[in-house]
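Keep the sequence and the model side by side, and try each task before reading its solution.

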Amino acid sequence: MFYNVCGRLAVPHYDSITISAYTLMFYVIGMIPFVASDSALPMIQAHPVTLAAMLALGLISSVMPYTLFPLALNHMELGKATILGFGEPLTATLWGLFLFG
C-alpha cells in the first residue's frame, strides 16, 4: 500500500525506471541485515547455476513488476491498481496449483 501511494505521487515527476531503481535500492538496503551470507556463498560456489537462477528470479519477480506498476498508474486510478495488486497473490497461488499440482 505504501508503494502504491508513494508511486502515485512520484509518477508525474519521475520515469518508471527511476522509481523502480530507488524502490529496489531501499529494499536491498533494508534486507541486508537479514541475509545469511555465510550460507549463500558456499551454495553459489558449489552450484554456479544458482547465481544465475537467483538473478533471473530477482529480475522476474522484482524488477519487472516494480517497473511496470508505475507505468500502469499512468493509465488507471490508484484504487483500481491497489485492488488488482491484492489479487495477485491469489492468482499466483491458483496458477501454481494448476501448473505444479
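Helices (H or I, at least four residues) and strands (E, at least two) are DSSP runs, numbered from the N terminus. The model is a predicted one, where local features need pLDDT of at least 70 and side-chain atom pairs count only at pLDDT 80 or more, while totals for chains, interfaces and linings use all residues. Residues are numbered from 1 along each chain as its sequence is written, and side-chain values use heavy atoms, with hydrogens and water left out.

**Exercise 1. Describe how helix 2 and helix 4 pack.**

Step 1: Find the geometry. Axes are lines fitted to C-alpha atoms, for helices over the stretch in contact, and angles run from 0 to 180 degrees between N-to-C directions. Helix 2 (residues 16-31) meets helix 4 (residues 49-73) at about 135 degrees, and their axes are 8 Å apart.

Step 2: Classify the angle. Under 35 degrees is roughly parallel, over 145 roughly antiparallel, 65 to 115 roughly perpendicular, and the rest oblique. The two helices, helix 2 and helix 4, are therefore oblique to each other.

Step 3: List the partners. Helix 2 contributes Ser 16, Ile 17, Ile 19, Ser 20, Thr 23, Leu 24 and Tyr 27, and helix 4 contributes Ser 62, Val 63, Tyr 66, Thr 67, Pro 70 and Leu 71.

**Exercise 2. Is Thr 67 buried or exposed, and which residues does it contact?**

Step 1: Thr 67 is part of helix 4.

Step 2: Read its accessibility. Thr 67 has a relative accessible area of 18%, so it is buried.

Step 3: Find its partners. Beyond its neighbours within four places in sequence, Thr 67 contacts Ser 16, Ile 17 and Ser 20.

Step 4: Compare chain and space. Asp 15 is 52 residues from Thr 67 along the chain, yet their C-alpha atoms are separated by 9.3 Å.

**Exercise 3. Work out the setting of Ala 81.**

Step 1: Ala 81 sits in helix 5 (residues 78-100).

Step 2: Because its relative accessible area is 4%, Ala 81 is buried.

Step 3: Not counting residues up to four places away in sequence, Ala 81 touches Phe 69, Leu 73 and Met 76.

Terms used:
Contact means heavy atoms within 4.5 Å. Buried means under 20% relative accessible area, exposed over 50%, partly exposed in between (1.4 Å probe, protein chains only).
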